[in-house]
Amino acid sequence: MKNFNRQQVFAFFCASLLNALIPQIVSNASIFPPGFDVVKTSRGVTLYQKNAEYVQVIDLSKGASVKLLYGNITESGKSQGAYGGDDPQLQRQTLNQAWFNFHLSNQNAFCITNGQFFSDDTKPSTNLAFPVKVNGKIISDGYAGESEYTTEKLKLEIWNYRADITAFNGKISLYSSSAPNLIVGLKEDADKLINKEVGRTFLGVKDGDANGDYETILIFNSRASTQAHAAFTLRSFGADKVIMLDGGGSTQLLCQGESYVTSRRTVPQTIGAIAKP
């Protein structure tokens, strides 16, 4: 049998260790589109930026989470919702106010952005266009029902370790969902100034480990983007499905106390990302 000296044994050991680690290193590497840079990162969450575009990557499988937040209910709108539930008036807040409350109750709060479409008026409280469900309770049925975007609505459902985006088909879709958290939005090609570059807030879901569950939520915010570009950007990050939420002057983003996309508009409902504790 051939004899090896210490240097040869050490070199063989290092090569074997490297060969074992390379697949794990590659599988865990963050792959993102050219031009985007990491702005902030914490356990399970990362914020990327390219010019005035931002993408949050939130990995539920790594202990990060997404919260659907809303302002105080000022009028219950009992049984006045589009599907027989409530259509409450929610207090509108600046994103800084919403961040303060979010961070106060979540030590690992990472980012907050605007969410649901709402009645655009100057009153301090307003109602939501489409349904929102939080921690197992349907907060609002929305006022729009099937009178608006009848075949163009989608729902984002969020469980503890996975999420999904599927068609929203009215009352049955809302009340039969097992997800504790749900928000309804629109398809990427719904006519919301579709080809104009305006503020955009889009969300996507990604199955990074190809196990059939979408364990990653991605959030796109931009001061000026077409709908097609917003959807394309999320897909370039690996999103398999996308959904459009409120845009225009509502689009805002604040992360760890720092504003990235600003607006003077107050909003009644927001979406918060939380890093793993």
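Which residues form a disulfide, and how far apart are their sulfur atoms? C111 and C255 form it, with the sulfur atoms 2.0 Å apart. The legends below start with the whole chain and then turn to close-up views of this predicted model.

**Figure 1. Overview of the predicted chain.** The chain has 277 residues, and buried residues make up 48% of them. It contains 4 helices and 19 strands. Take the contacts between residues at least 6 apart in sequence: 67% of these join residues at least 24 apart. The chain exposes about 13,800 Å². Carbon and sulfur atoms supply 51% of that area.

**Figure 2. The disulfide of C111 and C255.** The chain's disulfide count is 1. The torsion about the S-S bond of C111 and C255 is about 110 degrees, so this disulfide is right-handed. C111 belongs to strand 7 (residues 109–114) and C255 to strand 17 (residues 253–255), so the pair ties together parts 144 residues apart in sequence. C111 is buried, at a relative accessible area of 0%. C255 is buried too, with a value of 0%.

**Figure 3. The largest nonpolar core.** This core holds 37 residues. The members that touch the most others are I58, L156, I158, L203, I217, L253 and I271. Strand 11 (residues 153–158) gives the most to the core, with 3 residues. A second, separate core has 24 residues, including A129, F168, V184 and L234.

**Figure 4. The surroundings of I58.** Residues up to four places away in sequence are not counted here. Among the residues that I58 touches are G44, V45, A64, S65 and V66. Others include E215, T216, I217, I219 and A273.

Figure 5. Just after helix 4 comes G238, with a positive phi of about 105 degrees.

Figure 6. E188 sits in the loop between strand 13 (181–186) and strand 14. Is E188 buried, partly exposed or exposed? Its relative accessibility is 27%, so E188 counts as partly exposed. The side chains of E188 and R235 are joined by a polar contact of 2.8 Å. E188 and A228 are 40 residues apart along the chain, and their C-alpha atoms are separated by 7.0 Å.

**Figure 7. S140 in strand 10 (residues 137–140).** S140 has a relative accessibility of 1% and counts as buried. What does the side chain of S140 reach? It reaches the backbone nitrogen of G142, at 2.9 Å. Leaving aside neighbours within four places in sequence, S140 is in contact with D86, D87 and P88, and also with L128, P131 and V132.

How values were computed:
Residues numbered from 1 in each chain as written. Predicted model: local features only at pLDDT ≥ 70, side-chain atom pairs only at ≥ 80, totals over all residues. Heavy atoms only, no water. Helix = DSSP H or I, 4+ residues; strand = E, 2+ residues; numbered from the N terminus. Core = buried A, V, L, I, M, F, W, Y, C linked by side-chain atoms within 4.5 Å. Buried < 20%, exposed > 50% of the residue type's maximum accessible area, 1.4 Å probe, protein only. Contact = heavy atoms within 4.5 Å. Areas by Shrake-Rupley, 256 points an atom, 1.4 Å probe, with all protein chains shown as cover. Polar contact = N/O pair within 3.5 Å; in protein donor to acceptor, adjacent residues only side chain to side chain. Disulfide = S-S within 2.5 Å.
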